[in-house]
Amino acid sequence: MMKRLRDGVKVDVLQKGGRREQKTLRYFDFDKPAENCFWVVNQLWIQGEIYKLRPDVIIYVNGIPLITIELKNSDVAVKNAYDDNLTRYRKQIPQLMYYNVVLVVSNGLKTLTGGTFAAWNFFKPWLHVDDESKRVDKKRIEEYGCSLEYFVRGLLGKAQLLDYLQNFVLIYNDNKKICAQNHQFLGVNRAIEHFKQVTSDNCPAEDKGKLGVFWHTQGSGKSFSMVFFARKLKRTFAGDYTFLVVTDREDLDEQIYKNFLHSGFMNPQYECRPKDSNELRKMLSTQNLSIVFTLIQKFRWQETSAYPLLSDRSNIIVMIDEAHRTQYRSLAENLRTGLPNAMFMAFTGTPLFGSKSLTNKWFGKTVSEYNFMQAVEDDATRPIVYKNHLPEMQQENTYFSKDFEAIIEQDNLTDEEVQKLEQQHATELEVLRRPERLKVVAQDIVSNFPCRGFLGKGMVISVDKFTCVQMYDFVQQYWNEEIAKLGRRTNTEPDAQKRQRLKTLHNWMKETEMAVIVSPEDGENEKFAKVGLDIATHRRKMEAVDENGRDIVDRFKDADDPLRIVFVCAMWLTGFDAPTVSTLYLDKPMNGHTLMQTIARANRVTEWTDLFGRTKTCGEVISYCNLYSALMKAIGTYGDSGDDNDGGTASAHGGEQEENNMMTLDHQYDLLKEAIDECSQWCKGFDVDLDAILNIDDTYQHISLFDDYANAIIGDQERKLQFRIYDNAISSLYDSCLPDIIRRKEEFRLAQVVHYLREIIDNNVDHGNLETARRHIRELLDESLLPKPIEANDSLGTYGNGGEEEPPKRPFVIRERYKDCDLSKVDLNKIRERYQEAPHKNLEFQDLAELLQAKVNQMVHQNSERRNFAERLQQILDSYNAGSQTSQQNMEDLIAFMGSLTEEQQRAQREGLTEQELEIYDILLKPKLSKADEVKVKKGARDLLRKLRENEAHLFPVHWFKDTQGKMRVLTFLNSNLDSFLPESYDTEIFNEKRQRIYTKLLMHGDSVRDLWARIGA
């Protein structure tokens, strides 16, 4: 459908004389945007096959719905618009989604856009109107709730919207829609504008052929930006252009080639990847291809003679990806010698040599900049947390020379490089290869990996191939030992909930696979055998293909595959995207662009949740080589533009800004403390003193105090929502510090207090079981961390209160929660009395409301005609949250509702029907029926269900609801049966309405309609 909307459709047009001529019918005039018809439609009802739904805003262009927008109040989480509305539209009114370009959700404070069927994690803000490099004024957005304004100004101009549809939506592999993000849309358009200038007649001679630098940080979709750029340029400018895509690594070349291929830029049979240098020169000199992909290494040439002219065409566009040092050496000179009139453009996240002046000299000005910091702020990538785990036996100031780092950056070393490495850098190698040291690092990896906050995949980066295999062996050894320890701990754990969690983790560890990933080389078996290592087993795994045709790359990229840890030294550190990678264990000296490329492996966004339901909020870099200085220098050079910086120390402007998004563990601790302090101060505003919980040493008082605080917080809906926001922020920060924070747990006990209080507020804690409550409180506060007795000579006295006597203990009350029960056996007067005596009336109201909510959900599931009960309960809860009447009145309303719900629960029995028969009876009833007609309808409802069950095989074969004839067969059956017993007072309109409602109910069940009969009874 997107292709049709963009390119039009071929139709036969009748010409004079009866002749037919095929022409293209276009849905939009892309050249003259103002000539199209634009409509913004509010609250339009759309009938799906089952449901009738009403999106908030739909934007139509020439009658075609291109944008759907769902709006929420500022006090409602914007994700609710996705969960409650957009997901329903996708399922229930798919005809709207056929034409959709992007979906939008907004609550004023946040506005996010995403593809029609994108997961929530891929909905991103659109806050840059015309310049992707500008900082967003987030204070203004928070103050005025105006985020939607930025989106409207940035994308909903007539020209912008049609440009987006035509040039910035890809259909990937014919089954996946990829929509450009804000920075890609603006960046590519700025590059296109620069192309116009460079190719114009009045372009200065020194700028000819320089298409500029497209500087977008790693993980921000740069390779797809190349596709967007090439597609728009071909569509916009006349000329037989050839795109030459140049990289310096095979994995990058493969990735970019696939992105162009699967986006439909060329077909699979198109020969555009030369096998060697000779074929490359032949392609460029004799063929006029639309696109060619090559490695820069294929421009090698004997140094004794000049590189030959390949083509003097001026319409060759060379796009160099990840342009760094190789682009300045002889290979790059050969490239430019062979193509003297070509135009050159650099796509990079790490500008060449870290020097803007040198970059501009070769490629021209920076046409688009989207740096590390901006990507994190826009949720295009995840922030990185740096943790230094320097082995104790290694001196902190261990020095690794730049020459040493340059050599080990490569994967396959020449014999000369190996000899140089062993002779000139023996000391440095000895430090990194020392077995005792590697064992310490391996033990740290094993203790860290299962105890992180988000259990994503991990990469262990070692100094060379041999060390990769050694590290694999050590980690395997300690991993198996840890599995055994965890098994024993699981078996002896007394708490059932904790035991289940340990068992889940134990199974996860047993399932986890690991693999060594290094490039092959001649004679590798003998080389590894000389140092007592086996590479053959690892090579077989690297080259294996499973029964589904998946290789090692596919397996590691699959979030659910048990291959969770890989050991690498150079492979997979650039151009490799596995979004669930969340932790890098760096045991290899690095600097500059290589370091920036490597850490980007952990900054990708993913929708996947781990086995405990946690999402990826950040990536981790755990360094065993103390790379902090190198990292800050790299970020200052490559992470932000700042001032021109030729590779010296990080600029004050760039480095300081970037450090906020490349955080050290200490920085994370500071943020966590700030969040806890802010939450604590906020709570004190309504007499909730969280510190008081830490200052008493009595479990019973703890339980009572928690209930007091929970009661105070849930009494106000906005207060309750704000507390949840604080807890979410604190929990996320706490998880990002795991497991390191365990050593400093005493400093962050309030984080656990906040979360436990949240559990009580959400009714996830049962204080009716006293022993369970006591154990949980003790574990929460950690008995070893409770205030210790102060010595007798302490001038402050026993409680540190200046010698005053011990304050009286708080009264302790066990709060029993309502349990699921038969409402007919509940004494409403007892409920009323219990509420009057309850010390925590808000908690009491919430407990009863949650019981009734669960009961209503259960009863509505049995009989959809009870929806009015759900609406009545919601009205009571809305009144309670709004504070429009007293708590006593709200409770009386809830008790009265409970009485009516009790009567409804008993109605099926009174009517002599099953629950399923009652639902059909309720559907068929109409007002003002005589008693005789009621009896007739009741009997008919019972007979109808029986006949449906008896004719199941005929009426409901597999996928009956997808077949037009099958659906018609069911409708005919209902028509005939209803006509046989419905009274004469049912006119045609009422008859059709009743038939349609029963048909819709069957349709909703789909193939599971058969399960309905099992619940019907006799």
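Me: Which residue does Ile59 stand opposite in β7?

Reply: Strands here are DSSP runs of E, at least two residues long, while helices are runs of H or I with at least four, both numbered from the N terminus. Two strands pair if DSSP finds at least two bridges between them. In this case Ile59 faces Ile67 of β7, and β6 pairs with β7 (residues 64-71) in the antiparallel sense over 5 bridges. The hairpin of β6 and β7 has 2 residues between the strands, and Asn62 there takes a positive phi near 55°. This is a predicted model, in which local features need pLDDT of at least 70 and side-chain atom pairs pLDDT 80 or more, while totals for chains, interfaces and linings use all residues. Numbering runs from 1 along each chain as its sequence is written, and side-chain values use heavy atoms, without hydrogens or water.

Me: Why is β6 described as largely enclosed?

Reply: Buried means under 20% relative accessible area with a 1.4 Å probe and protein chains only; over 50% is exposed, and in between is partly exposed. For β6 (residues 57-61), 5 of the 5 residues are buried, so the rest of the structure largely encloses this strand. Val57, Ile59 and Val61 point one way, Ile58 and Tyr60 the other.

Me: How many aromatic pairs does a search of the whole structure find?

Reply: A pair of aromatic rings is described by the distance of the centres and the angle of the planes. Rings of Phe, Tyr and Trp (its six-membered ring) pair with centres within 6.5 Å; planes under 30 degrees apart are stacked, over 60 edge-to-face, the rest tilted. The search finds 40. One of them is Tyr172 with Phe224, edge-to-face at 5.8 Å centre to centre and 75° between the planes. This pair links distant parts of the chain, strand β11 (residues 169-172) and helix α8 (residues 222-236), with the two residues 52 apart. Both Tyr172 and Phe224 are buried. Phe243 and Phe265 also form an edge-to-face pair, at 6.0 Å and 80°.

Me: Where does the charged end of Lys234 sit?

Reply: A charge sits over a ring if NZ of Lys or CZ of Arg is within 6 Å of the ring centre and within 35 degrees of the ring normal. Lys234 has its charged end over the ring of Phe265, 4.9 Å from the centre. Phe265 is itself buried.
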